[in-house]
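Please have the structure open while reading.

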Amino acid sequence: MKRPVCGLLARWLPLAVAALCFSQSAEAHVQKGEAIGFLTGLRHPVSGLDHVLAMVSVGLWGAQLGAPAVWVLPVAFPMVMALGGMMGLMGIPLPGTEYGIAASMILLGAVVFFELKPPLWVAGSLVAFFAIFHGHAHGTELPPGQNGLLYSMGFVCATGLLHGVGILIGLVHRWTWGQMFLRLAGAFTASMGVFFVWKAFA
Amino acid sequence: MYDGLLHFLLSPEDIVPVVALALLAGLRGPEYGRRALFLLPVSWFVGCFLGTMFQWATSWPVAAISFLIFGGLVAANAQLSLRAMTVLAGLLGLVHGWMNGAGVPWSFSLVGAYAGLVAGVFVVVALVSAFVIRLRPPWTRIAVRVAGSWIVATGLLLLGWSARRG
């Protein structure tokens, strides 16, 4: 027969509280900037509409293409983006970053709109090429004085989750209205890309 | 003991490579999981004492390199032999344990702290590898590989941070 949970609690809770009262504090260290580093990194990719639309588009395109692209593209993008971020952090210049980001929106929006289905290596190379620009922009914008590791973890998680959002939205591709909806989303992303190109020139 | 345990749990540069190794072991199967589970804490314990004894730490970005190696192996779903897994687990434990121990002056209380640290390693490897071993649907194993790619991406950025700091 099972002992009632309330009875167990009544017996052991005072003992646990007493043990906690007599325990010493542990002296683990928290490194500089850890408290806000992860959250700042998590917020950074979602702070710009250009980055958000491009990353969600990668997920949408992956969902349109199906397996294995649905997971290859979202794996390729964060890894190559981090490579671009590393270049930015190391001070290696990349000309035309803003134009590259805007062009990524136009092209990724266009491929989603036209539902293009190139070979996997072409799709992967296109996504990876533009990921360099996004990563470089983030790398040069990373704020000093925060814990680099936690910032990077938050930054990568946010990027991956944005792709995940794109894939989840892309699940509507199985329905006819969903295919139309995705194409409209691609058109919106491409038109926003045109706006960002104009903004970069202005 | 709690100092060591909390040190490990609050140090992402240590816990993430351990999680990556556990993911890798979990992907490969129960035998690999058991090998990692018992070898990694032992090598970590030895590394801690060696670090304390020699009091020397490398200036290399050890965490970034570990992220790249172990995250890359998970992302690639590397078909490692059991011997290779043994070597990797031993190296990870020795290097990170050494970095934990270096710079800490010797005292008898360190034994308890290192025991707590190693207990943390044991628990994390046990939980993560057991969780991955039980995963059956194909998409869940892909999700594990995606997690590996995120670890690689974090390692690349960390390498950039290290280079910027000089």
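Are α7(A) and α2(B) parallel or oblique to each other?

## Basis of the model

This is a predicted model, in which local features need pLDDT of at least 70 and side-chain atom pairs count only at pLDDT 80 or more, while totals for chains, interfaces and linings use all residues. Residues are numbered from 1 along each chain as its sequence is written, chains are lettered from A and ligands numbered from 1 in the order in which they are written, and side-chain values use heavy atoms, with hydrogens and water left out.

## Where the chains meet

The axes of α7(A) and α2(B), the latter covering residues 12-28, come within 10 Å and cross at roughly 45°, and the two helices are therefore oblique to each other. Their contact (heavy atoms within 4.5 Å) joins A:Leu149, A:Leu150 and A:Met153 to B:Pro12, B:Glu13 and B:Val16; by class, it has five nonpolar, no polar and one charged residues.

Across the whole interface, 34 residues of chain A are in contact with 25 residues of chain B. The chains bury about 2,600 Å² between them, 77% of it on carbon and sulfur atoms, where buried area is the accessible area (1.4 Å probe) that two parts lose on being put together, summed over both. A:Trp71, A:Leu89 and A:Leu149 supply 23% of the area that chain A buries against chain B, more than any other three residues.

## Within chain B

Helix α2(B) also packs against α5(B), residues 82-101, with axes that come within 11 Å and cross at roughly 170°, so these helices are roughly antiparallel to each other (angles over 145 degrees). Residues of α2(B) in this contact include B:Glu13, B:Pro17 and B:Leu21, and among those of α5(B) are B:Met85, B:Leu92 and B:His96. The contact has eight nonpolar, two polar and two charged residues.

## The second largest pocket

The second largest pocket has a volume of about 460 Å³. On a 1 Å grid over the protein atoms alone, a pocket is an open set of points where a 1.4 Å probe fits, with protein on both sides within 12 Å along at least five of seven lines, and lining residues have an atom within 4 Å of a point.

Its lining has 16 residues, of which A:Val70, A:Trp71, A:Ile167, B:Trp139 and B:Ile142 lie nearest the centre. Helices α4 and α7 of chain A, together with α7 of chain B, each supply at least two lining residues, and α7(A) gives the most, with six. The lining divides into 13 nonpolar, three polar and no charged residues.

Methods: Grid points are joined across faces, edges and corners, and a volume is the space filled by probe spheres set on the points. Helices (H or I, at least four residues) and strands (E, at least two) are DSSP runs, numbered from the N terminus. Ala, Val, Leu, Ile, Met, Phe, Trp, Tyr, Cys and Pro count as nonpolar, Asp, Glu, Lys and Arg as charged, and the others, Gly among them, as polar. Axes are lines fitted to C-alpha atoms, for helices over the stretch in contact, and angles run from 0 to 180 degrees between N-to-C directions. Angles under 35 degrees count as roughly parallel, over 145 as roughly antiparallel, 65 to 115 as roughly perpendicular and the rest as oblique.
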